[in-house]
Amino acid sequence: MAVDPDPDAILRRHVQPNLVDRLFLRLEHTQTPLTINVFLSLADCLMPASLALALGDVLADYPILRTRAVSSFWGYRRDLVALADIDFRSLITWAAVGDRAAEAAFIQKPLPPETDLPVRLFVQPHAHGACLIVSVHHSAVDAVGENHLIDRLAFRYGECARGITSLPLVCLNRPTYGTHLRQLTWWERFQVLRYSAAVINDLVAAARGAAYATFQDLPIPARGATRWVTVPITGTPLAALHGWRKYQGGTLNDVLMAAFLVACCQVWPEEVGKPIVVHVPVNLRQGPDVVIGNQVADVRIVIPSTACTSFEAAYAAVCAATPPARARLNAVARIFERALASYLPPSWFRRAVTSHLDQPANPVLSLSFSNLGDLGGRPRDFGATVVQDLFVLGPLSVPPGISAWVTTFRGEASLCIGYVEPVVTHESANAVAEAFVSLVTKISVAGQGRHEGPSHDSVR
C-alpha cells in the first residue's frame with residue numbers, strides 16, 4: 001500500500017534556494033539591502049482584521065513567504081515556519097496620519113532573512129485614502145512575482161472583508177534555472193559558457209583599475225540611507241512616445257532608458273567620457289504559470305557616455321546595445337556566470353563583494369534601470385477599496401547611488417528614482433527627475449501626431 005508523502009516535506013523541497021536566491025542571500029549583508037518595495041495609493045484605508053486574515057491566507061498560498069534562511073559554512077537553506085506559529089498582525093505596520101518619518105523608517109529597516117519572514121506590509125491613512133507598501137526580500141520574490149503576490153493579497157482581502165473563506169492555492173516555488181539550461185541545444189550551451197567566461201574579463205579589468213561613470217555626489221567608498229523621488233509621466237502620453245519611436249526603431253524601454261542616461265549625464269557632466277554600465281533585469285518566465293520566486297537575469301549593458309550628451313545619440317547607442325544584451329541566451333549565461341559565486345561561503349563572499357564595491361574607481365556598475373512594463377489588470381482593487389496608483393522602489397547598492405524603475409499601471413506610467421543619501425543629494429536626485437521629465441516631454445511633443453513619418457526634431 002502506497003504511503004502518502006508528508007505535505008510539509010514536499011513544501012520544504014520546493015522552497016529551497018535556487019542559484020539567484022543564494023546569490024541574493026549572500027548580498028544582503030553587503031551594502032546592498034535586497035528589499036523590493038511596491039507603493040500603492042488606495043482610495044480608502046483597509047480594515048486591519050481583514051488585512052491580517054488576507055495576509056495569512058497569502059502565506060498559506062505561497063509557502064516561500066513563510067520561510068527563514070539558515071546559514072551554514074557553505075551557504076543557506078530555507079526552513080519552513082508553520083502557519084500556527086506566525087502572528088500575521090506583527091507583519092503589518094500601521095502608521096499614524098501624517099507621520100512621514102514612519103514611512104522612511106519602514107523602508108530603511110533591514111529585513112534580515114535569517115530572522116524575519118521575507119514579506120511585510122506598511123499602512124498609513126491620509127486625507128484622501130491610504131498608502132500601502134508591500135516589501136519583499138529579493139531572495140524569495142522578484143518584482144514580477146511581487147505583482148502577482150499583491151494581486152492575490154487584494155483578492156484575498158476582498159474575500160475576507162465579505163466573510164468568504166476559500167482553499168489555499170499552495171503555489172510551489174520550484175527552482176527552474178536548470179530547466180532553462182536543459183532547453184538549450186549543445187551549441188547554445190557552448191555559447192552560454194563562452195558568454196559566462198566574459199566575467200573573467202570584467203574581473204581582470206577591475207583589477208587593473210578600469211573606471212566607469214559613477215553618478216553620485218560623494219566619492220567611493222560611501223554609505224547612506226535609501227531615499228526616493230517619484231515622477232508621473234501622465235503629462236506625456238505613452239501613445240505619443242510610441243508614435244515617436246515607431247519610425248525610429250527600438251522600443252519604449254529604449255526611449256525611457258536613453259532619457260534617464262542623458263538626464264544623469266546632465267546632472268553629473270564630469271562623468272562624460274567614462275563608459276556607463278547599466279544593469280537591466282530580464283524576465284525569464286515562460287507560459288502562463290505564476291511563479292513568484294526569482295525568474296530573472298540581471299544583464300549588463302555598456303553605453304559610451306560620450307553618446308549621452310544628446311538624446312538622439314543616446315537613443316541610437318541604447319537601441320544598438322539592448323537587443324543582444326536582452327537575448328534569452330545571454331540572459332541565461334548571466335545567471336550561470338554567477339553560479340560559482342552563489343556557492344562560496346557567505347562570509348568570504350561578503351568580504352570580497354564589499355572590498356570590490358569600495359574600490360575608488362568604480363569597477364562594477366553605474367546605475368540600474370528597470371521597466372516593469374504595463375501591469376495590465378494587476379493588481380486588482382482590494383475589494384471595494386480602489387487602487388489609484390502604484391510605483392516600485394527596488395534594491396539599491398553603493399555604488400551606484402542612483403537607479404530607476406518605470407511602471408505602467410492602468411494606462412499611467414511613472415518613474416521612481418531611488419538614491420542613497422548623502423551619496424546622492426536630494427537636490428541632485430530632483431535635478432535628474434526634472435531633466436528626465438523635460439526630455440520625455442519633448443519626445444512626446446515630437447511624437448504627437450507624427451504617425452506618418454519619422455520626426456526630425458532635436459531632443460537635447
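**Notes on the predicted model**

1. Helix H10, spanning residues 311–326, comprises 16 residues and reaches 21 Å from its first C-alpha to its last, which is close to the 22 Å expected at 1.5 Å a residue. The coordinates under review are those of a predicted model, and the remarks that follow should be read with that in mind. Within H10, the buried residues are Phe311, Ala314, Tyr315, Ala317, Val318, Cys319, Ala321, Thr322 and Ala325.

2. Strand S1 (residues 35–42) and strand S6 (residues 129–137) run antiparallel and are joined by eight bridges, and Val38 has Val134 in S6 as its bridge partner.

3. A further open sheet contains six strands, ordered S7-S13-S12-S10-S8-S9, again with mixed pairing. Its edge strands are strand S7 (225–232) and strand S9 (296–304), each of which pairs on one side only, and the twist averages 20 degrees from one strand to the next. Strand S8 (residues 275–283) runs antiparallel to S9, the two being joined by nine bridges; in S9, Pro304 is the bridge partner of Pro275.

4. Twelve salt bridges are counted in the model. In one of them Asp61 pairs with Arg152, the closest N and O atoms being 3.1 Å apart. Asp61 lies in helix H3 (residues 48–61) and Arg152 in helix H5 (residues 143–161), so this pair ties together parts that are 91 residues apart in sequence. Both Asp61 and Arg152 are buried.

5. A salt bridge also links Glu271 with Lys274, where the closest N and O atoms are 3.3 Å apart.

6. The side chains of Asp381 and Arg410 meet in a salt bridge with an N to O distance of 2.9 Å. Asp381 lies in the loop between S10 and S11, and Arg410 in the loop between strand S12 (402–409) and strand S13 (412–421), so the pair ties together parts that are 29 residues apart in sequence. Asp381 counts as partly exposed at 25% relative accessibility, as does Arg410 at 37%. Elsewhere, salt bridges that share partners join Asp61, Arg152, Arg156 and Glu159 into one network.

7. Gly377 lies in the loop between strand S10 (367–374) and S11, and with a relative accessible area of 62% Gly377 is exposed. The C-alpha atoms of Gly377 and Gly411 are separated by 9.9 Å, although these residues are 34 residues apart along the chain.

8. On the surface, Phe73, Trp74, Leu344 and Trp348 form a nonpolar patch whose members together have about 460 Å² of accessible area. Of these, Leu344 lies in the loop between helix H12 (339–342) and helix H13 (346–357), and Leu344 is partly exposed, having a relative accessible area of 33%.

Notes: Residues numbered from 1 in each chain as written. Predicted model: local features only at pLDDT ≥ 70, side-chain atom pairs only at ≥ 80, totals over all residues. Heavy atoms only, no water. Patch = residues over 30% accessible without salt bridge, like charges linked within 9 Å, V, L, I, M, F, W, Y side chains within 5 Å. Areas by Shrake-Rupley, 256 points an atom, 1.4 Å probe, with all protein chains shown as cover. Salt bridge = Lys/Arg side-chain N within 4 Å of Asp/Glu carboxyl O. Helix = DSSP H or I, 4+ residues; strand = E, 2+ residues; numbered from the N terminus. Buried < 20%, exposed > 50% of the residue type's maximum accessible area, 1.4 Å probe, protein only. Expected span 1.5 Å × (residues − 1). Pairing = 2+ DSSP bridges. Axes fitted to C-alpha atoms, helices over the stretch in contact; angles between N-to-C directions.
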